[in-house]
Each structure stands twice: as structure tokens, then as C-alpha cells.
Amino acid sequence: MDNLHQQTRNGHPHTRDIASLRRYLHEHPELRFEEANTSALVAKMLRDYGISVQEGVGGYGVVGTLKKGRSERAIALRADMDALPLQELNTFSHISKHPGKMHACGHDGHTAMLLGAARRLSQDVDFDGTVHFIFQPAEEGGAGARRMIEDGLFDRFPADAIFGVHNWPGLPAGVFGVRPGPIMASSNSFTATLTGRGAHAAQPHRGADPVVAAAQLTLAWQTILTRNVDANHPAVLSITQIHTGTANNIIPETATISGTVRTFDATTLDLIDDRMSTIARATGDMFGLDVLFALERLYPATINHERETTQAVAAMVSAVGQPNVDRHVTPSFASEDFSYFLQCKPGCYAFLGNGLLASQTTADNDDKAHSRELHSPFYDFNDGILDAGIAYWMSLVRQLLPL
Ligand SMILES: [Zn+2]
Ligand SMILES: [Zn+2]
């Protein structure tokens, strides 16, 4: 490992190499909108590498800008920095020191990899153009990417293209997975409130029961995916909460149903939204209830651009070799606010294998280093893949900003 950072006087004693930096970040997770110390550490390290730094971009966002040569070409590389509100259950020595907070999505690894690449690119690698290192806050539900864009990110730091990587359980460690077009879904949240007429449970004919209606609506909505959506357009509709009632002898006044819808394209989402609303209204009519339905569109789908994906694949092949690049990876129904960047700039978002899940391994391919699922209280970024991530970033810069 490279000697990255000498012992410092500011309370960050473990940042001498990228793996120990990663573990330091794991020990000190910060939630979305609270990434003060992480972003200060990132800014300090970038400055130590002689990279010019802008802090406070869209909250705790940090942008490092490194220009070499004379070319006007510029690319942006992005890492996210935030952790999750989760009590870590690991027992290793670098377990989170912050109760109820944990790097369970591996953003500690993303931050460490991009810092590793920044150091190498500033000191060891020649290229012709500008690299913007974007350290983004609040990916976990906070739309930090959109905040950075609204804060003028691409006006202040113009880039021809943007690239991102997420560590990925289920892919073998160090293997890249990518595809042109949709790679992650849109995330959308819905709630229906059914208002009937509360009554004594012994006299249901005097009320209008939202419980029976909620049960009907739950099942009727599921038919949208099998009867209305084109089977070629994958979608998920999960009802995750039904809240109603307070006692066994009371017919409640209201029931609420909520959940999530995921699609890879806006047309399918529009269709589902429309059908959910129609079926909700019709169910209300059927049972004599008022129904209020709302679907809130959160992160859009993450859609990779054709040309930049080809470029990314070439950089991956040069970094880790052809057999370690899956260019037709299965897209995920999880979502990512990198989607906002891709709505502004061409680019590519890729997965980097964090190791197979225990359930995927057999005697033949048991690599011992199993990964847990993202957002598990047992998650840990695999330090064995740091070098692959750094090599990818460097190879991308060399390729897109050639001498
Ligand atoms: Zn996550
Ligand atoms: Zn994540």
C-alpha cells in the first residue's frame, strides 16, 4: 500500500495507507447532512496532495480540481461519503465508534478509493486536462447529488463526462459490472389514506370499514404488474406498511397503505402511478370511503450513456483484465442519486464486486471472503478491492485525458 498520509495532529491518526484510511472512515461514520468531519478530512488530504479544493458545495460536498497540461477537456469522478442510521453488529477492531451509525453501504470505501486515485494522479501520473474529484454528501435518501448540482456544480466545475462506482455484494471481489442504459431503478414512495366511518365492531353496517377496503386495495394493486405493465418493462410494486385500528371491538375511521414503486423508465412509472390512482379511487367508491392517493417520485432511474459506458469498459479492462469485467451486469432495483448527475452530463455508473454472498458460494468457488448484503448490520467494505477501484480511476483518466 502507498504511504498516503503521515500521522497528523488533527485527530486522524490512521490514514497512512488507503486501507487504514478506509477503516478509519468506517470507525467514524456520519449520517447524511452531518458529514462535517469526513468532508474536512477529505479536503485536508486533497490539499496535502497539492490539489485545489472547494468545500461546502451543496452542503458538505467537496470538489478537488487537478489540472495538468493545456487541454480544455475535463472529467468528473464521484464518491459518496455518508453512512446509515444502523447499529453495527460486527466485532472486528474497526467497528463504528458512533452508536447507531454505520458505513453499511461501503461509502467509506468509495471515499478512500477516490482519495487514493487523487493522490496517485497528483503525484505519479501524467495526463492532459482537468479531473474534478467530487466527494458527495447525503446519497442515502438526501439527494446530495441534486443539491450539489443546484449549488452550481457543473457551472463551477465544468466537465465533459462523469463517472461513479459502487461496491457490489454478489459480484466476485474486484470484478466490475456495468451496462449501457438503465443500471439502477427509480425509487418512488406512495401512500393511500382511506377514510371511512368508524363504528362499533359489533355493528359494521352502521360504519364504512377501511380495513376490508385496504385489504382489497392491497391485492388489486398487485394486478397492475401482471395485467397492465408490458412484461418487457420490469417493475416492482411493494406494499410495505398498512396501519389501521386500535382495538378488537372498534371499526377504525381510517387506514393508510404505503410502499414503494421501482421502474427503469418513466413511461412505465407514469402508467403504474395512473393505475394505482384509478384503482384506489374505484376501491373507495366500492366501499363508500374517501381515498387520498399520492405517489412521490424520489430518485430517478440511473441510465448509463452508451459512449461513456464503452469508455468505462475499456478503462476497466485495462485496469483489471477482460475476465474481470462483466459488461452485461444485471441491473438493480435499488436506486442511486448519481442518476441526477447523469441527467445533466453523459457518464457511466458501475458496480465493483465486494465478494460473493455466502448463499452464492459452492465448494468450487468458495473464496472465503464472503460479502454481506448492502445495508446489513454486518456489512464491511472489502479492502481487497481498493486497488481495483483506484486502478480503474487512473486508467479512465489516462484514457480520456491522454497526453
Ligand atoms: Zn446505500
Ligand atoms: Zn450506497
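Residues are classed here as buried under 20% relative accessible area, exposed over 50%, and partly exposed in between (1.4 Å probe, protein chains only). By this rule C105, at 6% relative accessibility, counts as buried. The model is predicted: local features need pLDDT of at least 70, side-chain atom pairs count only at pLDDT 80 or more, and totals for chains, interfaces and linings use all residues. Residues are numbered from 1 along each chain as its sequence is written, chains are lettered from A and ligands numbered from 1 in the order in which they are written, and side-chain values use heavy atoms, with hydrogens and water left out.

C105 bridges the zinc ion (ligand 1) and the zinc ion (ligand 2), which lie 3.2 Å apart. Donors are N, O and S atoms within 2.8 Å of the metal (3.2 Å for Na, K and Ca); water is not among the atoms, so sites may look incomplete. The protein donors of the zinc ion (ligand 1) are C105 (SG), E140 (OE) and H375 (NE2), at 2.0 to 2.2 Å. Their spacing in sequence is C-x34-E-x234-H. E140 lies in the loop between β4 (129-136) and α4 (144-150), and H375 in the loop between β16 (347-355) and α10, so this pair ties together parts that are 235 residues apart in sequence. Helices (H or I, at least four residues) and strands (E, at least two) are DSSP runs, numbered from the N terminus. E140 is buried, at 13% relative accessible area. H375 is partly exposed, at 39%.

The zinc ion (ligand 2) is coordinated by C105 (SG), H107 (NE2) and H166 (NE2), at 2.1 to 2.3 Å. These donors follow the spacing C-x1-H-x58-H. C105 sits in the loop between β3 (74-80) and α3 (107-123), and H166 in strand β5 (residues 161-169), 61 residues apart. H166 is buried, with a relative accessible area of 4%.

The largest nonpolar core holds 57 residues. Such a core is a set of buried Ala, Val, Leu, Ile, Met, Phe, Trp, Tyr and Cys residues joined through side-chain atoms within 4.5 Å. L77, F133, F135, F163, Y392 and W393 touch the most other members. Helix α10 (residues 386-400) gives the most to this core, with 9 residues. A second, separate core of 24 residues includes F154, W168, Y299 and V329. Contacts (heavy atoms within 4.5 Å) were also listed for F133. Not counting residues up to four places away in sequence, F133 touches I51, V62, V63, G64, L66, L77, L114, A118 and L121.
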